[in-house]
Amino acid sequence: CTGFTGTLTAYNDLNIHGTSCIFGSGMSTGTSTSSFTLGAGASTTNLTTNGVTINSELAIYGARLQDNVVCTKSITLYQGTFNTEDFNVTCWRFYSNNTNVRAIVMGSGTWTITGGGTNNWDIGTITNLSFHPNTSTIKFIGSDAVNFNGGGLTYYNLWVAKNIGTNFNIKGS
């Protein structure tokens, strides 16, 4: 999409095959797309958003960030490696609760979770998961109840907004 300045809209899933996906800095993404899928076809996709917000679910089968990513919906790691390369991630929810072979490399960036409600951070099933928290921060800023299902793993830094109040729930150890 380099140089594209319109609205990228698909009415079904948009599967990105190949080694890179580069958004044009003047473009936007439509809300009718069910999901953007990165790493489709068993390859790792380098994602460059150029500051463009993704307005649908981001489904990952292998991705490496080249800059910060902002997603208004869920980011789901289905399989493969999600390497943030020290960039920041903002999404409504992060989910990778399955037994597929997968890896999360969080780097030193901040992961901002904006949603409230059910399972805002959910990697409760850690079978076949390689987890690298590095020096990252997970930051919950929603105003509703938050559920953190961390799979009993060790995290580097967890930050919870004051407005969440007493409704921060940790599942598991």
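Visitor: Is Tyr155 buried or exposed?
Guide: Tyr155 is buried, at 18% relative accessible area; buried means under 20%, exposed over 50%, partly exposed in between, with a 1.4 Å probe and protein chains only. Bear in mind that this is a predicted model: local features need pLDDT of at least 70 and side-chain atom pairs count only at pLDDT 80 or more, while totals for chains, interfaces and linings use all residues. Residues are numbered from 1 along each chain as its sequence is written, and side-chain values use heavy atoms, with hydrogens and water left out.

Visitor: And how buried is Phe148?
Guide: Phe148 has a relative accessible area of 6%, so Phe148 counts as buried.

Visitor: How are the rings of Phe148 and Tyr155 arranged?
Guide: They're edge-to-face, because the planes sit at 70 degrees, with the centres 5.1 Å apart. Rings of Phe, Tyr and Trp (its six-membered ring) pair if their centres lie within 6.5 Å; planes under 30 degrees apart are stacked, over 60 edge-to-face, the rest tilted.

Visitor: Which aromatic cluster are they in?
Guide: One that also includes Phe82, Phe94, Trp111, Trp121, Phe131 and Phe140. Across the whole structure, a search finds 11 aromatic pairs.

Visitor: New topic: what lies over the face of Trp159?
Guide: Lys139 does, at 4.5 Å from the ring centre. The cut-off is NZ of Lys or CZ of Arg within 6 Å of the ring centre and within 35 degrees of the ring normal.
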